[in-house]
Every structure is written in structure tokens, then in C-alpha cells.
Amino acid sequence: MDDIRKNWRVETKGVQEGWTPKSGEPRVLPIVQSTTYKYDTAADIAALFDLAVPGHMYSRISNPTVEAFEQKVASMEGGVGALAASSGQTASAMSILNLAQAGDHVVASSSLYGGTYNLFRHTLPKMGIEVTFVDQELSADEMAKAFRPNTKALFGESLGNPSMQVLDFEKFAEVAHRNGVPFIVDNTFPTPFLCNPIALGADIVVHSTTKYIDGHATSVGGMIIDSGKFNWNNGKFPGLVDPDPSYHGLSYTETFGAAAYIVKARVQLVRDLGCYMSPMNAFLSNKGLETLHLRMERHSNNALALATFLQQHEKVSWVKYPGLPGSPEFDRCRKYLKAGSGVFTFGVKGGKDAGEAFMNRLKLAAIVVHVADVRTCVLHPSSMTHRQLNEEEQIAAGVSPDLVRVSVGIEHIDDIIADFDQALNV
Ligand SMILES: *Cc1c(COP(=O)(O)O)cnc(C)c1O
């Protein structure tokens, strides 16, 4: 049975992995809505506290429903383990806090989601972790200049939100590994169905499961996946190697081997910060994964059709979608992604005001601060998600004042196009 599983494709894993009921058990992943777990002896629980045996003790640290969801995503991404978090923001924050501390430094692409940019630009520095932002189109040697002896990670988004830039995976992996640090990828927009960062050299993958993984706009959540491939024993990561006094001097690399990073994130960070996913959100997000491959195909096909329509529309000044033939990102999109995903950006002729007027006239597409659910929606990043950034920072993040971001849903494409057409034609 395990041999068969190993060869399963990502579509099959999305449907089948995580929960495998035994005879007489529920067919569908049950919601284990329990904060705690009963054991027969005090010694049983002591062994859990010592990390001597696996098992659940308290739902701030692990829970059977959340665990099934974690195992499914880990399998789909090809990692050795995963940790679900209460949001994508928490997943990104923990991915760094798990390997860096005050006095350390991180290099990140400047083309990031607004929330991640704020986290890196303002909050991590308050904790003593400095972040240098680099233009992700710099050459490998130019990027390498941003690294310092205390640099602990290189961070980028596989598909930038909302810049729609496709990451040059080979370059990022090479620069990170040349400098002895892990390459962390936010794979939220492509999802494990369209892109597999670990196969492309990533060491750690993070997700906002809030987006396509849930896919129905019901649950905020995040995930960290550990490839198990990074060698933490290179002198740069004492937190993963040296004895942890909060577990009687246990060493994560010694005790947990390839899973050191993801075990530490759970038993140290989630234990202390308490930002674990709830069983209900794991249940809903797991349900989303069962149809992820079907939805991503439709999202991508609809996005390509709408982008193609808008590209030749007289009221539209530009369209940026990596899945669009002729787009500067097209070759890289073909190389690294199965399809272009469901989000793209465009400019309405007349700039910011014309763009806002267009958005207000839409009837099917809604203006919401969200992307990546089954319903088509639009957003104006420079006045919404990226408004905390100054103009220079907005440009670096790929946000021009006239940019409208569209998240194309899975409705019938003719209805989506008709809505955009009527809202543009006034
Ligand atoms: C939304 C998003 C996040 C943050 O996730 P939340 O679940 O909203 O906290 C991080 N990265 C990307 C690319 C996102 O789109």
C-alpha cells in the first residue's frame, strides 16, 4: 500500500492522503473538537512532554484533524513534515523565527505580499532580525552581495502577489545554498498543484491556506512544509543543533534528523506562541484540497481567457499575466508552473480614478480584500493591501497606482467577460 502511495500524483494525494480510515471508521476526516487527550497513566503523559513518543496532548500543539491536513499538504509538496498555523502571516513569521533570532539577518525578494513586506520591514526588525530586500531580477552575483555572515535565510514568492513575477527558482536556490542558508518559498498563489518548489530547490515552503487551498473563502490559515533536505549542521544554526534547555537538553537535529526544523517549529514556537490552526479550519481547508486540482485548472483557464480578452480591449492599457503568451514571464511560467493560476493584474486607461470607477460598476465580480476563492473578485492594491507602503516601496513590490488585481473565479467564463466588458464600456 505504501509503495502505491509513493507514486501517487498530486491530484490523488489531494483527495486521498491525510485521513485513511480503518474498518468501521468515518469515511470523511472527522473534526476532533477537543482541547486535550486522555491517557491511562501519568508516565504516558510524561513521555509526551519529553518528546520521547509521538502523540497528542493539547490542541495548541497538535490535533488529529489538523494533523491529517498537515500530512496531506506535506505529501502534496513532497516534504518530510508540515505544521499548520492560524494564518499565512504566522506561517511566514514562524518560518523565519524558527531559524533566526535577534542579531540575525534575512534576505528577501522585494516583490512580496503586502503583509509579508510589513512583517519583514517593520516587525522582524523590532525583534532584532534585519531584512534586506533585493530586486529578484538581479543576477545571482548581485544578489549574493546582500548576504552577510549572520544571514540565515533567503525568502521569495513563487508567484508574487500582486506583482505576478515568477521566481527564478534555480537562481534563488543557488544563491541561498552558496551562502549556506535555506531557500524559503511562499507557494500560496500556484498551490502544490501548479508548482512544486521542493523539486525546484526550495528547502522550506510556506502557504497562506486561506487562499486557493481552502478556496472557498471560509478559513484563515497557514502552513509550513519542511523538505527535510537542508543541512542545519553547518555552524550557522545553533538553535537546531545545540541542546534545547526547554526539553532537558534535546538536540533537534540529533533526535529528529531530517524533520528537525518542522519538529522544532511545533514543539518550541507553536508551544510558546500558541498560533496553531483550529480543527474546524483544518477540516474546511482539507475539504478544499479535495477539489484543488479541478479548481486550479478552471481558475487558470478562466484567467487566461479573461486576460486575453482584456489585452485587446480599447479601455485597457496593459495586462500582466504570466500565463499569457508573449508576456515577459511566459517562458519562466512554462518552466516552473503547470499553468498561470487565477490571479492577474491590469491597468484601466485613465489611471487610478478610471480603475476605481470600473471596479464600482462590476456586478458579478465583487470588491473584496481577498483572492483565490471560487467567486471572481477585484481589488486595488495601492489603496488597499499595499496602502501602508510608500510610493517607492509600492513600485518595488510591483504595485502601480492604476493596477487592478483580479482573482478570477470558477464561474462560466462568458459571464465573467460580459461583466468586465459592461463595466469598462461607459
Ligand atoms: C494572503 C497571503 C499571505 C498571508 O496569509 P494570511 O492567511 O492572510 O495571513 C501570505 N502570502 C501570500 C502570497 C498571500 O497571498
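These legends go with close-up views of a predicted model.

**View 1. Helices H5 and H12 cross at roughly 115°.** The axes of H5 (residues 88–97) and H12 (residues 260–273) come within 10 Å. That angle makes H5 roughly perpendicular to H12, and the crossing is right-handed. On the H5 side, the contact is made by Met-94, Ser-95 and Leu-97, while H12 brings in Tyr-261, Lys-264, Leu-269, Val-270 and Leu-273. Sort the contact residues by class and you get 6 nonpolar, 1 polar and 1 charged.

**View 2. Helix H4 is mostly covered.** H4 spans residues 64–77 and reaches 20 Å from its first C-alpha to its last, close to the 20 Å expected at 1.5 Å a residue. Of its 14 residues, 11 are buried. Among them are Val-66, Phe-69 and Met-76, but also Glu-70, Lys-72 and Glu-77.

**View 3. A cis peptide bond sits between Asn-161 and Pro-162.** Omega is about 5° here. Look for Pro-162 in the loop between strand E4 (151–157) and helix H8 (169–178). For context, most peptide bonds are trans.

**View 4. Leu-51 has a positive phi.** The value is about 60°, although Leu-51 is not a glycine. Leu-51 belongs to the loop between helix H3 (42–49) and H4. With 16% relative accessibility, Leu-51 counts as buried, because the cut-off for that is under 20%.

**View 5. Ala-217 also has a positive phi, near 60°.** This alanine lies in the loop between strands E6 (204–208) and E7 (222–226). Ala-217 has 41% relative accessibility, so it counts as partly exposed. As background, most residues other than glycine have a negative phi.

Definitions and conventions: Residues numbered from 1 in each chain as written. Predicted model: local features only at pLDDT ≥ 70, side-chain atom pairs only at ≥ 80, totals over all residues. Heavy atoms only, no water. Axes fitted to C-alpha atoms, helices over the stretch in contact; angles between N-to-C directions. Helix = DSSP H or I, 4+ residues; strand = E, 2+ residues; numbered from the N terminus. Parallel < 35°, antiparallel > 145°, perpendicular 65-115°, else oblique. Left-handed = near helix turned anticlockwise from the far one by under 90°. Contact = heavy atoms within 4.5 Å. Nonpolar A, V, L, I, M, F, W, Y, C, P; charged D, E, K, R; others polar. Expected span 1.5 Å × (residues − 1). Buried < 20%, exposed > 50% of the residue type's maximum accessible area, 1.4 Å probe, protein only.
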